[in-house]
Amino acid sequence: MADKERISDLLNKLKDKDEEDYKHSLRVRDLVAKVLTQYKVSEKEKADILTAAVLHDIGNLLIPDYIIKKPGRLTLEEYEEVQKHVTKGLELIQDLKSFDQIKDVMKFHHENYNGFGYPDGIEGPEIPLGARIIHVLEAYDSMIVPRKSRKSVLKKEEAIKELKDYAGRMYDPEVVDNLEKVELNWEKRFLQVTG
């Protein structure tokens, strides 16, 4: 099966299991595409990062529904199970031709900039650029879009302020700054032109 067909098949399975997760993956991919305009990367690297972005949570297919869809806080055991979505995702995509190019981006998208993330506790520039971008943008999307398990959302400005508060610890400060450029500054310019 070609990569595109395999990716489409996995995304359809994710949609069947949890439509919110599926839509989150598509939004994260689209946000990553916007932020990548601020970086000098080759078309191949961009394509690989976008593939990793849309598949970043595909391992949730192998996490029990009662955990994925649980409203409220997870227990420590449930949280440890959720963390396994990273390695389970890699198992699901190991037959992709692009696996070698996207595996580290997918594997490290929950690493914190200060080294206190998972699964390996790597930090700063050791974390692949794509993984640093996905980490910021999946957090941002989770803050601004309501979900069944979390109804309250932040405005874009509030979410970016929260990301900035954790920049240098959880998030790459440059990625947060670039998100602000493409999300808020574009809107401000648009409003000035149309207003």
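Trainee: Is histidine 85 buried or exposed?
Mentor: Histidine 85 is buried, at a relative accessible area of 3%. Keep in mind that this is a predicted model.

Trainee: What's the cut-off for that?
Mentor: Buried means under 20% relative accessible area, so histidine 85, at 3%, qualifies.

Trainee: Which element is histidine 85 in?
Mentor: Histidine 85 belongs to helix H6, which covers residues 85–93.

Trainee: And what does the side chain of histidine 85 make a polar contact with?
Mentor: One partner is the side chain of aspartate 57, at 3.1 Å. The side chain of histidine 110 is joined to that of histidine 85 by a polar contact too, at 3.4 Å.

Trainee: Which residues does histidine 85 touch, not counting those up to four places away in sequence?
Mentor: With those set aside, histidine 85 touches His56, Asp57, Gly59, Asn60, Ile63, His109, His110 and Tyr118.

Trainee: Tyrosine 118, then. What kind of peptide bond joins tyrosine 118 and proline 119?
Mentor: A cis one, with omega at about 15°. Most peptide bonds are trans.

Trainee: Where is proline 119?
Mentor: Proline 119 sits in the loop between helix H7 (99–107) and H8.

Trainee: Let's zoom out. How many helices and strands are there in the chain?
Mentor: The chain has 10 helices and 0 strands. Its radius of gyration is 16 Å, close to the 16 Å that the globule rule gives for 195 residues, so the chain is as compact as a globular protein of that length.

Trainee: What does the C-alpha trace span along its principal axes?
Mentor: About 45 × 40 × 35 Å. Of the 195 residues in the chain, 46% are buried.

Trainee: And the contacts with a separation of 6 or more: what share comes from residues 24 or more positions apart?
Mentor: Those pairs account for 62% of such contacts in the chain.

Trainee: What lines the largest cavity?
Mentor: The lining consists of Glu111, Asn112, Tyr113, Ile127, Arg132, His135, Val136, Met170, Tyr171 and Asp172. By class, the lining of the largest cavity divides into 5 nonpolar, 2 polar and 3 charged residues.

Trainee: How much space lies in the largest pocket?
Mentor: About 1500 Å³. The largest pocket has 35 lining residues, and Leu74, Tyr79, Val82, Ser142 and Arg147 are the ones nearest its centre.

Trainee: Which elements give two or more residues to the lining of the largest pocket?
Mentor: Helix H2 (19–36), helix H4 (65–68), helix H5 (76–83) and helix H8 (129–144) do. H8 gives the most, with 5 residues.

Trainee: How does the lining of the largest pocket split by class?
Mentor: It has 12 nonpolar, 10 polar and 13 charged residues.

Trainee: Change of topic: aspartate 48. Where does aspartate 48 lie?
Mentor: Aspartate 48 is part of helix H3, residues 43–55. With a relative accessibility of 11%, aspartate 48 counts as buried.

Trainee: Leaving aside neighbours within four places in sequence, what is aspartate 48 in contact with?
Mentor: Ser98, Gln101 and Ile102 are in contact with aspartate 48.

Trainee: What about lysine 97, exposed or buried?
Mentor: Lysine 97 counts as exposed, at 69% relative accessibility. The loop between H6 and H7 is where lysine 97 is placed.

Trainee: Last one, valine 153. Where is valine 153 found?
Mentor: Valine 153 is in the loop between H8 and helix H9 (156–165). Valine 153 is partly exposed, with a relative accessible area of 37%.

Trainee: Which residues does valine 153 touch, not counting those up to four places away in sequence?
Mentor: On that count, valine 153 touches Met143, Ile144, Val145 and Pro146. Aspartate 21 is 132 residues from valine 153 in sequence and 16 Å from it in space, C-alpha to C-alpha.

Notes. Residues are numbered from 1 along each chain as its sequence is written. This is a predicted model: local features need pLDDT of at least 70, side-chain atom pairs count only at pLDDT 80 or more; totals for chains, interfaces and linings use all residues. Side-chain values use heavy atoms; hydrogens and water are left out. Helices (H or I, at least four residues) and strands (E, at least two) are DSSP runs, numbered from the N terminus. Buried means under 20% relative accessible area, exposed over 50%, partly exposed in between (1.4 Å probe, protein chains only). A polar contact is a pair of N or O atoms within 3.5 Å; within protein, one must be able to donate a hydrogen and the other to accept it, and residues adjacent in sequence count only if both atoms are side-chain atoms. Contact means heavy atoms within 4.5 Å. On a 1 Å grid over the protein atoms alone, a cavity is a set of points where a 1.4 Å probe fits but cannot get out, and a pocket is an open set with protein on both sides within 12 Å along at least five of seven lines; lining residues have an atom within 4 Å of a point. Ala, Val, Leu, Ile, Met, Phe, Trp, Tyr, Cys and Pro count as nonpolar, Asp, Glu, Lys and Arg as charged, and the others, Gly among them, as polar. The radius of gyration is taken over C-alpha atoms; the globule rule is 2.2 Å times the number of residues to the power 0.38. Grid points are joined across faces, edges and corners, and a volume is the space filled by probe spheres set on the points.
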